[in-house]
Amino acid sequence: MSQAQPYSAKTVYWLLAVGVLSFAGAAYFMVYSESDVGAAKANAFSYSAIGHKAVVETLREVEIPVLVSRVGSAAKAGDSSLLVVAEPRLENWYEETLDAAPFAATILLVLPKWDGFKDEARPHWLRLAGMVPRKYVESVLRSVDRGGAVLRVAGPLDWTTGSLGAEPTIAYPQLLDSDALEPVIWSDQGILLGVLVHDGQTIWILSDPDILSNHGLGQGDNAVLTLRLFDMLRPAGGAVIFDEAVHGYWQPPNLWRALLELPFVVPVFLALATVLIVAWAATARFGSPLPARPPFISGKTTLIENTASLLRFGGFGSAILKRYADATLRDVADRLNAPRKLEGAALIAWVDRVGTRRGAQRKFKDLYDRASERGGHARRDGPRLARLARRLYQWKREVIDGS
């Protein structure tokens, strides 16, 4: 007595599908899960007013390559890209980023200005914001410019922007007073953007982050100024790399994450698709099975094919061709009413005279002599014998029906 199955085949398939999807979802969240990345602070992940998410997305919209890096940012930038260190908050930020080996050749340092507390009801929003102490900003600045000082003045100001054209819109500007910096954007109150060469690195220093932060990017011509600024600072054809390890979001290299990102996700997907197709082909066929051929096939065609195969296998091609030539001669003589007393060479000569008058391209005697020849390998001479038989047939049609 057979035991009843507890589940139908359809139910088993659904259970397998749910299990596979659950496993895939768990693997995805294990690889890509983040612990409150960005929050509401001043970084490239943040959607808050003081965050930098907007400038990252704006650069991508205008097709400037952007990478938000969480490990080895200086090495990724090298000599060909712009490394952006925006509002660093680590005490050893300089040693970790600008002084790293191999170091980045071109750096944009954005000095910190704002800090805030996130709204617990809306984690990506700020509940309260305020300026960081000026002494802390100066400590960040003096890592690269020991004589520099930070100034906070009331706006609006008259700006000099040089070739950049667009002017910044900042309510409470934070500026620099420095003899080491060459000013690029400045007013009579101080420097907004300056540049210096420090230990072989070209360091651009932006004193106020408001022109590129989420809350300030849409003010006045700040967006135009920011795009022109990044286009001027980055090496030709290079990318813009925002370093987020400096904000504590350091992340070690992850092989599984790399395999699920471009360009490696393409060969991984193709490999998985190949495995699935091979598994499918091994477990189920495509369509209904082909009917089995019967052991014996009847009919005239089969009889002729089998007879021809046996004769070809036995090497009787030359003998068959000679008989075919004799039969062709008799058939043509009968159809043309040849004299009955003619035989052999006389009959061949007679049909050739008639064939010449009817426009035959060949002489039957030549074809007949070649058909009477012996020699060659009986099994390998099939193509030659077939061509000669075809020419005999063509001669017959020309003589009987005309050329």
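In helix α10, Ser318, Leu321, Lys322, Ala325, Asp326, Thr328 and Leu329 meet Phe364, Tyr368, Ala371 and Ser372 of helix α12, where contact means heavy atoms within 4.5 Å. The residues of this contact comprise six nonpolar, three polar and two charged; Ala, Val, Leu, Ile, Met, Phe, Trp, Tyr, Cys and Pro count as nonpolar, Asp, Glu, Lys and Arg as charged, and the others, Gly among them, as polar.

The model is predicted: local features need pLDDT of at least 70 and side-chain atom pairs pLDDT 80 or more, while totals for chains, interfaces and linings use all residues. Residues are numbered from 1 along each chain as its sequence is written, and side-chain values use heavy atoms, with hydrogens and water left out.

Two packed helices are described by the angle between their axes and the distance between the axes. Helix α10 covers residues 317-335 and helix α12 residues 364-372; their axes come within 8 Å and cross at roughly 155 degrees. That makes α10 roughly antiparallel to α12 (angles under 35 degrees count as roughly parallel, over 145 as roughly antiparallel, 65 to 115 as roughly perpendicular and the rest as oblique). Axes are lines fitted to C-alpha atoms, for helices over the stretch in contact, and angles run from 0 to 180 degrees between N-to-C directions. The crossing of α10 and α12 is left-handed, meaning that the near helix is turned anticlockwise from the far one by less than a right angle.

Helix α10 also packs with helix α11 (residues 344-357), at an angle of about 60 degrees and with the axes 11 Å apart. The two helices α10 and α11 are therefore oblique to each other, and their crossing is left-handed. Here Leu329, Val332 and Ala333 of α10 meet Leu347, Ile348 and Val351 of α11. The residues of this contact are six nonpolar, with no polar and no charged.

Elsewhere, leucine 157 lies in the loop between β6 (149-152) and β7 (174-177). Leucine 157 has a relative accessible area of 15% and is therefore buried (under 20%; exposed is over 50%, partly exposed in between, with a 1.4 Å probe and protein chains only). Leaving aside residues up to four places away in sequence, leucine 157 touches Pro173, Leu175, Ser187 and Gln189.

In the whole protein chain there are 13 helices and eleven strands, which are DSSP runs numbered from the N terminus (helices H or I, at least four residues; strands E, at least two). Of the 403 residues, 37% are buried.
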